[in-house]
Amino acid sequence: MVTGSHGVRMQDDFTGDTAGSPGAVSPESPRWLRLTRSGDTLTGYESGDGTHWTTVGTVRLKGLPSTVRAGLFVASPDSMEVTDHIGGASATGGPTRATGVFDRVGLQGSWPRGTWTGTGVGDRGPATSSFDGFEETGGSFTVSGSGDIAPAVGGMAFGSGQNIERSLIGTFAGLIALIVVATLFVTAEYRRGLIRTTLTATPRRGRVLAAKAVVVGTAGFAAGMVGAVVAIAVVRVSGVRIHPVSTPTELRVVVGTAGLLAVTAVLALGAGAVLRRSAGAVTAVVVAIVLPYILATASVLPAGPADWLLRITPAAGFAIQQSLPQYPQVDNLYTPANGYFPLAPWVGFGVLCAYAALVLGLAAYLLRRRDV
Amino acid sequence: MTTYQAVGDGPHAGWTGLRQALHAEWTKLRTTPGTVWLLLAAVGLTVALSAAVSAAATCPSAGCGQDAAKLSLTGVEVGQAVFAVLAVLAIGNEYSTGMIRVTLVAVPRRTTVLAAKAAVLGGVVLAAGTVAVLGSLLAGRLLLPGNGFTAAHGYPPLSLADGPTLRAAVGSVLYLALVALLSLGVATAVRDSATAVAVVLGLLFLFPLLIQVVSDPHWHRHLQQLGPMTAGLAVQATTGLRDLPIAPWSGLGVLTAWAAASLLAAAQLLRLRDA
């Protein structure tokens, strides 16, 4: 497709989006588009003059039947006005209408002889879509309509099914349980006095803490890995449609969830060693990680402060679970409540890691300085 | 030995016992080193978060759809966690140090011990919660007008003379006390501070998270009505009352039921189990 201000784009299956050449497309500066099929592989080309063609992208559609429908479409997303309020942010707007002119339309290959017909495509989602008809004059088509054809984004327009991170909501329950285990791993030693035996056996205190961190981190990673894989499998088997994501993204979400648990366990261990009290340490870590996420996503805060909470608190780490990308050409409320984090996945995870490193460092320092 | 008999067998044994138990619990709570710090932290964090939210919120035009009272009471969400720790430690510390055995020898009627703990704790949290809530409202009253929450936009300064605001304030104080009682019950039942804190925070926080995932509107509403935090905090709403999943006072009633259930279960377990 060509867009007004986002260049040429090739989209597929409501998930794929490949950008072609950038630059505004207008009646004065039109584009030539070509789509070819070979088996179940589609290749998109674009050209500025109709002679020199460049490949935009190649898409493999599994199980594509031998007979397909092809056509010309015009789309125009709803206008949107965003207001910020206590329920987060909300958008109001209405349908807009667009008209596209296609000329020099040609078909090659074994297409049946016949005339073109016009139809409205798709009927899902809140977008008010309509088909306003088309005109054909001497091989040139004028198509009008409203509604959008675009990759799926989180929020109201998401339609049926779930994104993959929603099937991992149990991460929070696992996180709380793991925080208790990791904290008790050090505070229980203080309560029972075992810490004296431990430090007599291994007088290098930094080494004791490092060993504990490795053990608890590994356990957390393993538990998170098993939990995430099982959770996603259970949701898939139960028949809920999970929005398709690429394999690298799914891998990142699963491994990231395991990493999230591992790093949180290390953070809880550090907090336990600093505070030496289990109840205080558990509360501090849970409040630091879970509460900002709730405040930011459960619609208590306006979008601005919510974004900041997910930048500067350990809850930034949940960004690693975000599976839906932001599309520049798709208007949407890209807010935490709709599943979009202000930081890139690995950057958000890095914020959490920085907190864990800081607390563990403080714990090592205090463990060396303090009597047991 | 004489004291024990006076408590156990006298004509007004129950009342005398409760009064002495209350005095004992008050002494314990007052002299535990962490109590003062936890109370200061609870009040400080509540007011700090409330002030931060009040400073960050904006109301650019009339009818911006915000709830000024609820906004300025956001700090209660973090304050509740600290009060929960205070409540858990009130009995959790006794189990971890073995003090509970001394307590139960001194006051053998176990429900009396729990009732005394609940009363003392409830009183302390009500007092500290009042300070925290009033501080939050004051912060909101001072900060919100600067961000467009003016009378011209339909937001007169927050005042306790306003019925819904008063209800939100009183309700928030009661909310904090009920969360503390819920925590006391859970801690008595599980007898370990860390586990108890995790259970309480799980109960409070997992409901709002689960609600985000449930797309079925029927279940969505039911979960909001059931969750101790989601239902209880309905008492803070001063606008859009018709759209609430549960009415303000009914919401607080749900939390009261949670707290009562937790205390009753705790009393039963305390009576049946060895200490």
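**Note on the two-chain model**

1. In this predicted model, the centres of domain 1 and domain 2 of chain A, taken over C-alpha atoms, are separated by 41 Å. Domain 1 of chain A covers residues 9-155, and domain 2 of chain A covers residues 164-369.

2. Helix α1 of chain A runs over residues 171-192 and has 22 residues. From its first C-alpha to its last, α1(A) reaches 31 Å, close to the 32 Å expected at 1.5 Å a residue. Just after α1(A) comes A:Gly193, with a positive phi of about 80°.

3. Chain A and chain B are in contact through 31 residues of chain A and 32 residues of chain B. On the side of chain A that touches chain B, the elements giving two or more residues are α1, α5 (278-297) and α6 (303-312) of chain A. Of these, α5(A) gives the largest share, 12 residues.

4. In chain B, how do helix α8 (residues 163-190) and helix α9 (residues 193-213) pack? They pack at an angle of about 135°, with their axes 9 Å apart. The two helices are therefore oblique to each other, and α8(B) passes α9(B) in a right-handed crossing.

5. The residues that meet between these two helices can be located in the structure. From α8(B) they are B:Leu182, B:Ser183, B:Val186, B:Ala187 and B:Val190. From α9(B) they are B:Ser193, B:Thr195, B:Ala196, B:Val199 and B:Val200.

Conventions. Residues are numbered from 1 along each chain as its sequence is written. Chains are lettered from A and ligands numbered from 1 in the order in which they are written. This is a predicted model: local features need pLDDT of at least 70, side-chain atom pairs count only at pLDDT 80 or more; totals for chains, interfaces and linings use all residues. Helices (H or I, at least four residues) and strands (E, at least two) are DSSP runs, numbered from the N terminus. The expected span of a helix is 1.5 Å times one less than its number of residues. Domain bounds come from an automatic or database domain assignment. Axes are lines fitted to C-alpha atoms, for helices over the stretch in contact, and angles run from 0 to 180 degrees between N-to-C directions. Angles under 35 degrees count as roughly parallel, over 145 as roughly antiparallel, 65 to 115 as roughly perpendicular and the rest as oblique. A crossing is left-handed if the near helix is turned anticlockwise from the far one by less than a right angle, and right-handed if clockwise. Two residues are in contact if their C-beta atoms, placed from the backbone, lie within 7 Å.
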